[in-house]
Amino acid sequence: MGDKVRKGLSSQKLYAMCDYLGISHAETNYFWIAELALLARLPPNWKTYKDPEGHAYFHNHATGVTSWTHPRDSYFFQLVKRERSKTLSSNHLADQQRTVRWDPKGCPEEVELSNGNMTATVVREGMYPSVRAANKMVVGVHCFQLSVDNLEEDGYMHIGISKENVHYNADAIPAEDYSFHGYSTVGELYVCGKLVKKGIEKVQRGDLVTVMVDFSDRIIVWYRNSHPIAYYEGFEGSEYYPAAVFGLEGYKLTVKRLSTAP
């Protein structure tokens, strides 16, 4: 992913997290893992406390477990190890990349596919028209990348993953019965039609959006221009597709690749 310190992120915090995870300051290709760790939220039932000397610790009210380390830390240590093992093979990413295309089957009439079904453009406004890719993701780790080719300022798109049909209820506006887990370009995260987080970075025209889906740890991560911006844990099910929901006429997305690494 990116090799620069993300704008607005404290270099001191980033480097401290790198040190903690065993990432050297020269390993800038792994900085995204440290950024993701800084984004990580506590799992359900966990809360942060401080001892009399001001040191933070974590307690799970459901299990009674207390820890001096963040409950998510083990995941990020394993992620560093996994990414380093991939780097040992210089051809790994190229070998694992696949072309991803939007699926014309079920594509609504409001959306036109072009560029070998890699580009989806809203040609007339509808009830939040949606598209999904033909590529199914089942097990392991999958990453897909899209370019936001056309989007008005504060324009609305949802980018994420869905089951076979993005909408369970085609008439829902917006859907309460979504099979969709999506990041909104206006800085909101929706899971199955429910708002779970807002105030995230907004996406603009020309941005690259990458989505990492980890079926082993049940985690979805969204990246904007190589930097993690949103994180969701606990999605259910085993068969998902890259998907998008559009707003206004003229909005356009192009899928770039599907791989096993961000």
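Visitor: Which three residues make up one aromatic cluster here?
Guide: First, a heads-up: this is a predicted model, where local features need pLDDT of at least 70, side-chain atom pairs count only at pLDDT 80 or more, and totals for chains, interfaces and linings use all residues. Numbering starts from 1 along each chain as its sequence is written, and side-chain values use heavy atoms, with hydrogens and water left out. As for the cluster, its members are Tyr49, Tyr57 and Trp68.

Visitor: Are the rings of Tyr57 and Trp68 stacked or edge-to-face?
Guide: Searching the whole structure turns up nine aromatic pairs. Rings of Phe, Tyr and Trp (its six-membered ring) pair if their centres lie within 6.5 Å; planes under 30 degrees apart are stacked, over 60 edge-to-face, and the rest tilted. Tyr57 and Trp68 have ring centres 5.7 Å apart and planes at 65 degrees, so the pair is edge-to-face.

Visitor: How far apart in sequence are the parts this pair ties together?
Guide: Helices (H or I, at least four residues) and strands (E, at least two) are DSSP runs, numbered from the N terminus. Tyr57 belongs to strand E2, while Trp68 is in the loop between strand E3 and helix H3, so the parts are apart by 11 residues.

Visitor: Is Trp68 buried or exposed?
Guide: Buried means under 20% relative accessible area, exposed over 50%, and partly exposed in between (1.4 Å probe, protein chains only). Tyr57, at 23%, is partly exposed. Trp68 has a relative accessible area of 59%, so it is exposed.

Visitor: How many residues of helix H2 are buried?
Guide: The helix spans residues 31–39, nine residues in total. Among the buried ones are Phe31, Trp32 and Glu35. H2 is largely enclosed by the rest of the structure because its buried residues number seven.

Visitor: Which residue in the turn between E10 and E11 has a positive phi?
Guide: Four bridges join these antiparallel strands, and Val191 stands opposite Lys194 in E11. They form a hairpin with two residues between them, and the one with a phi of about 50 degrees is Cys192.

Visitor: Which ring does the charged end of Arg218 sit over?
Guide: This needs CZ of Arg or NZ of Lys within 6 Å of the ring centre and within 35 degrees of the ring normal. The charged end of Arg218 sits 4.4 Å from the centre of the ring of Phe235.

Terms used. Pairing = 2+ DSSP bridges.
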